Amino acid sequence: MIRVLIADDEPLMRAGIKAILGTAEDIELVDEVGDGREAVRVATERRVDVAVLDIRMPRLDGLAAARELKAVAPSTRVVVLTTFGEDDNIVRALSEGAAGFLLKDSAPEELLRAVRAVHAGEAYLSPMVTSRVVGMVAQVGQPRRQEAMRQVQRLTDREVEVLELLGLGMSNADVGQRLHMSEATVKTYVSRLLAKLGLTNRVQAALLARDAGLSAEG
């Protein structure tokens, strides 16, 4: 079972998320809380696999809660759920270690896909968020591009190939199929390159790949 925590200051929204999660046989709701501070408390006291966090909450917002969870409950994966799709929120969420980012007007099945994906160690960005990320990358300045390319130079040729495919949003299974490796081997490569680059998750790796110009299809 995937143990999930919901944090949102709107009771109606929590009820809706709870109803969606309740349709999945492989997901168990641990608790539902109204602010980020309570989310951190629950995650440190009880085993939580995935925390679904709203951005705008009292006491501690979702992004600050994601940052604290990374420090005190690193095994808890974070999906950020918000009505706000501004680019700065996306960048902040990813930099704080969130593995998934959804807008609240996403389809219900997207939430289930996101929870399952991040629990499996994958990253999940809604299609709308992905388009925003691509738009941001298209505007990458030369200093940022050069820094990304400098970081990539730390990697072996095979690790660069894996990083490039992460930048295209591929899962471990997809990467393995493309590079003729087992999924377990891909996971090893992903863990190794994240450690070398000082990154927290696959989304950050994908952004770095795009910053470095690695992930243009074709």
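**Close-ups around strand β4**

**View 1: Val-52 and Val-79, face to face.** Val-52 sits opposite Val-79 of β4. Their strands, β3 (residues 50–54) and β4, pair in the parallel sense over five bridges; pairing takes at least two DSSP bridges between two strands. To get from β3 to β4, the chain goes through helix α3 (residues 62–72), making a right-handed β-α-β crossover. Right-handed means that, with the strands pointing away from you, the path from the first strand over the helix to the second runs clockwise. Helices (H or I, at least four residues) and strands (E, at least two) are DSSP runs, numbered from the N terminus. This is a predicted model, so local features need pLDDT of at least 70, and side-chain atom pairs count only at pLDDT 80 or more. Residues are numbered from 1 along each chain, and side-chain values use heavy atoms, without hydrogens or water.

**View 2: β4 and its partner β5.** Strand β4 covers residues 77–82, and five of its six residues are buried, meaning under 20% relative accessible area (1.4 Å probe, protein chains only). Four bridges link β4 to the parallel strand β5 (residues 100–103). Look for Thr-82 opposite Leu-103 in β5.

View 3: Asp-54 lies in strand β3 and is buried, at 4% relative accessible area. UniProt's unreviewed entry puts "modified residue: 4-aspartylphosphate" at Asp-54; such annotations may be inferred rather than shown by experiment. Leaving aside neighbours within four places in sequence, Asp-54 has contacts including Asp-8, Asp-9, Thr-82 and Lys-104, where contact means heavy atoms within 4.5 Å.

Technical notes
Buried < 20%, exposed > 50% of the residue type's maximum accessible area, 1.4 Å probe, protein only.
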